[in-house]
Amino acid sequence: MFHPNNMQLAIRIPTSPAQDSTQYMQVDQNDKSLAVRNDTQNGSFPHAEYIFNYSKKLEEDLQTFGMKIKQHEDNIKFLKTQKNKLDESILDLQVILGKYHSSGTPVAENEVHSHPQNDEETMEQIMRQEKSAASIICKLSTHHGIQAYNLMLTKDVLGIVARLGKVDDDNLSRLLSEYLGMETMLAIVCRTYEGVKVLETYDKEGCINKSLGLHGLGASIGRNLDGRFLVICLEHLRPYAGDFIANDPQRRLDLLKPRLPNGECPPGFLGFAVNMINIDSTHLFCLAANGYGLRETLFYSLFSRLQVYKTRADMLQALPCISDGALSLDGGMIKATGVFFLGNQEDVQLRFPKASMKSSLPENYIESERQIKELKWKKEKMVEDIRREQSLLDNTKLNFDRKKAEFLKFLTESSSYAAQQQLSAKPERLTPR
């Protein structure tokens, strides 16, 4: 019979969580076989009792490893959730501070290295479009100043799209302007539909009355309006209905960050274009009759959830989570899902002016910088914790698989032993007395 001394057990008690997933009961590989001899020496151990006890021990070990695996998986899931929250907080602060890209960010191959455009230069570019409705509005404001917007014809006009927003980076300004196109950049923005109607009137036959509206105004100042022009009515736009980023003086939209199938934020994602526009404080609140400002009406309508990435490679890698187009700072452009703009970036002359540092920086700039550094440090620690938990999980799974193989082998050998015992017992029961 099998003697308990033939089986060497080494049971080690874990002394720390780090050791918890790597140490377990080890069995001498030379003495686990149940090919037991018919030994009747003194002190023999009952086979059935040994099989039951050892089988139960293996089951308990497997259950312990299973619980440890789930614990490590839960820890990793929790840590990744916390890391994602840190990523979002860092992105939000970076967008608030206007840090859209680092000094080492690649730019488009054909980018013209010129000084950033200011508001006066943007006005000049609009004025060069002599036969446009936008140039008539700008010339009127140049000659009459603020009184131009008190006239019956233009009192409901907020301005031209190209002058209603500013962008911190000239390269990004070019990209956003190219994405919108000249027609949209020259669009006139009105608060209400009543303001739209007075810009153009018609006779009884439905033809344009060129002596009234912008046509008449253009003729009176030597700028005959030719062709179509775009007018955007704020009260007819479907506004953004979500929340705003807390404590943000620019009232940027709290949009959900894109997520890859693995749940991670795509590498190189910098933010949403709608949040990269700086808006004058007078245009942030209660412009339309419904109480909305320019960001959640005009610019949300123009850009929606247009994403901005550092490079084309980053943008293309993020294709699974791009729904409303994307741009990259090196000139890549996706207008919509499945619609790619290839080739070199255009040399856009009319673009959003650059925001002045004084107007674009929030009051708590230094504090926000400190918070970003602290969040990045926490993120690095979180990444280390995730790696450590993953290593523990992999090790525990390995030990589980080994213990499972040992358990299956034990069951096979114990079944074989039981079968042999039954065969050897049958002749004795059949032998007549």
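1. Cysteines first: there are zero disulfides in this structure, a disulfide being a pair of cysteine sulfur atoms within 2.5 Å. Take Cys 321, whose sulfur is 7.6 Å from the closest cysteine sulfur, that of Cys 265, and so too far for a bond. Cys 321 has 13% relative accessibility and therefore counts as buried. Cys 138, at 1% relative accessibility, counts as buried as well. The scale used here calls a residue buried under 20% relative accessible area, exposed over 50% and partly exposed in between, with a 1.4 Å probe and protein chains only.

2. A word on what you're looking at. This is a predicted model, where local features need pLDDT of at least 70 and side-chain atom pairs count only at pLDDT 80 or more, while totals for chains, interfaces and linings use all residues. Residues are numbered from 1 along each chain as its sequence is written, and side-chain values use heavy atoms, with hydrogens and water left out.

3. On to the coiled coil. The unreviewed UniProt entry annotates residues 55-89 as "coiled-coil region". UniProt positions follow the numbering used here, feature names are shortened, and annotations may be inferred rather than shown by experiment. In the model, that stretch comes out as 100% helix and 0% strand, with 52 Å between its end C-alpha atoms. Helices (H or I, at least four residues) and strands (E, at least two) are DSSP runs, numbered from the N terminus.

4. Next, a sheet. β3, β4 and β5 make an open sheet of three strands, in the order β3-β4-β5, with mixed pairing. β3 (157-160) and β5 (231-233) are at the edges with a single partner strand each, so one side of each has no neighbour in the sheet. On average, neighbouring strands here are turned by 20° against each other, direction ignored; the axes are lines fitted to C-alpha atoms (for helices over the stretch in contact), and angles run from 0 to 180 degrees between N-to-C directions. Two strands count as paired if DSSP finds at least two bridges between them. β3 pairs with β4 (residues 188-190) in the antiparallel sense, over three bridges, and Val 157 stands opposite Cys 190 in β4.

5. β8 (residues 326-328) and β9 (residues 333-336) pair in the antiparallel sense over two bridges, with Leu 327 bridged to Met 333 in β9. Four residues separate the strands of this hairpin, and Gly 331 in the turn has a positive phi of about 105°. β9 is also joined by three bridges to β10 (residues 339-341), again running antiparallel. Met 333 stands opposite Phe 341 in β10. The hairpin of β9 and β10 has two residues between the strands, and there Gly 338 takes a positive phi near 85°.

6. Which rings are linked into a cluster? Ring pairs connect Tyr 179, Phe 299, Phe 303 and Phe 352. Searching the whole structure turns up seven aromatic pairs. Phe 299 and Phe 303 form a stacked pair, because their ring centres are 6.4 Å apart and their planes are at 10°. The criteria: rings of Phe, Tyr and Trp (its six-membered ring) pair if their centres lie within 6.5 Å, with planes under 30 degrees apart counting as stacked, over 60 as edge-to-face and the rest as tilted. Both Phe 299 and Phe 303 belong to helix α9 (residues 295-303), four residues apart, or about one turn of the helix. An α-helix has 3.6 residues a turn, so residues three or four places apart point the same way. Phe 299 and Phe 303 are both buried.

7. Some rings carry a charge over the face. The charged end of Lys 335 sits over the ring of Tyr 179, 4.3 Å from its centre. Arg 251 lies over the face of Phe 244, 3.9 Å from the ring centre. The test is NZ of Lys or CZ of Arg within 6 Å of the ring centre and within 35 degrees of the ring normal.

8. Arg 251 has a positive phi of about 50° although it is not a glycine, and Arg 251 lies in the loop between β5 and β6. Asn 247 lies in the loop between β5 and β6 (269-272). Phi of Asn 247 is positive, near 60°, in a residue other than glycine. With 78% relative accessibility, Asn 247 counts as exposed.

9. Finally, α8 (residues 213-220). This helix is mostly covered, with six of its eight residues buried, among them His 215 and Leu 217. Just after α8, Gly 222 takes a positive phi of about 80°.
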